[in-house]
Amino acid sequence: MNGNSVHQLLGAYLLGGLEPGDVRAFEDHLDSCADCRQELEELASLPALLDAVPAADAVALTAAGSSSLAPLAPEPEPLPEKVLVDLAVRRRKSRRRWAAFVGAVAAACLAVGFLAGPLFNQPPKPDASYSVQSDGGLQLTVGMVKKTWGTELDVEGRSMPLEGTLYLWVKGRDGAEERTCGWTATPSGRIKITGATPVQLAGIAGVELRDEAQKTVASISVP
């Protein structure tokens with residue numbers, strides 16, 4: 001296949017209508033032909049324009065418009081009508097397959113996101129956790145999470161006092177005290193609440209559960 005014959009494959013190559021052997025031959029020709037490379041670059045947007053035109057209209061425009069356009073030099077031989085129609089059909093099938101593939105990938109991602117969502121939405125694990133149980137059965141667990149601004153405290157309790165208001169206090173290693181949260185007693189004796197303190201985790205010496213009269217109900221020492 002000489003250079004002129006290979007040049008005539010430019011249109012079919014651009015529209016994706018060549019067989020694998022012809023594709024390799026044309027791409028080998030491109031390596032040594034600056035004119036073909038330049039023409040291919042100038043026509044790079046043609047496939048997108050053809051996609052917007054129905055196949056029948058594209059054929060009609062090819063037949064009617066050739067006389068009104070200035071010919072390129074050298075002018076490639078026009079592709080037969082059947083080739084143009086076949087190319088348009090092939091490109092549309094390719095787009096449908098690609099759209100189906102993208103849809104399947106999107107559906108798979110959605111399914112994975114739906115199934116994995118609960119895993120990613122889990123609360124952060126505490127950096128430290130301490131528990132205490134009193135003789136009367138009261139159970140208090142405090143999880144501590146390091147934050148840039150201080151410490152977050154995740155408080156859980158069982159068999160808590162059934163009346164009044166309760167408060168959780170943090171005692172710092174410097175002797176200072178900070179009230180982190182408070183709540184009204186629940187009929188079930190169970191609570192789950194989140195508090196916060198500007199004291200960094202390393203500076204916490206202990207926590208105390210106190211009632212509204214500031215009497216200590218339970219205490220936890222942090223080593």
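Contact is taken here to mean heavy atoms within 4.5 Å. In the predicted model, Trp183 meets this criterion with Val155, Met160, Gly164, Thr165, Leu166, Tyr167, Leu168, Ile191, Ile193 and Leu209, once its neighbours within four places in sequence are set aside. Trp183 also belongs to the largest nonpolar core, a set of 21 residues in which Trp183, Leu140 and Leu168 have the most contacts. At least two residues of this core come from each of strand 2 (139-147), strand 3 (150-158), strand 4 (165-172), strand 5 (177-184), strand 7 (204-211) and strand 8 (216-221). A separate second core comprises nine residues, including Leu10, Phe26, Cys33 and Cys36.

Four strands form an open sheet in the order 5-4-7-8, and their pairing is antiparallel. From one strand to the next, the twist averages 15°. Strand 4 and strand 7 run antiparallel and are joined by seven bridges. Within the sheet region, Leu166 is placed opposite Asp211 of strand 7.

Thr197 is located in strand 6 (residues 191-197). This residue counts as buried because its relative accessibility is 1%, the cut-off for burial being under 20%. A polar atom of the Thr197 side chain lies 3.2 Å from the backbone nitrogen of Val199. When residues up to four places away in sequence are not counted, Thr197 touches Trp149, Gly150, Thr151, Leu153, Val170, Glu178, Thr180 and Ile204.

How values were computed. Residues numbered from 1 in each chain as written. Predicted model: local features only at pLDDT ≥ 70, side-chain atom pairs only at ≥ 80, totals over all residues. Heavy atoms only, no water. Core = buried A, V, L, I, M, F, W, Y, C linked by side-chain atoms within 4.5 Å. Buried < 20%, exposed > 50% of the residue type's maximum accessible area, 1.4 Å probe, protein only. Pairing = 2+ DSSP bridges. Axes fitted to C-alpha atoms, helices over the stretch in contact; angles between N-to-C directions. Polar contact = N/O pair within 3.5 Å; in protein donor to acceptor, adjacent residues only side chain to side chain.
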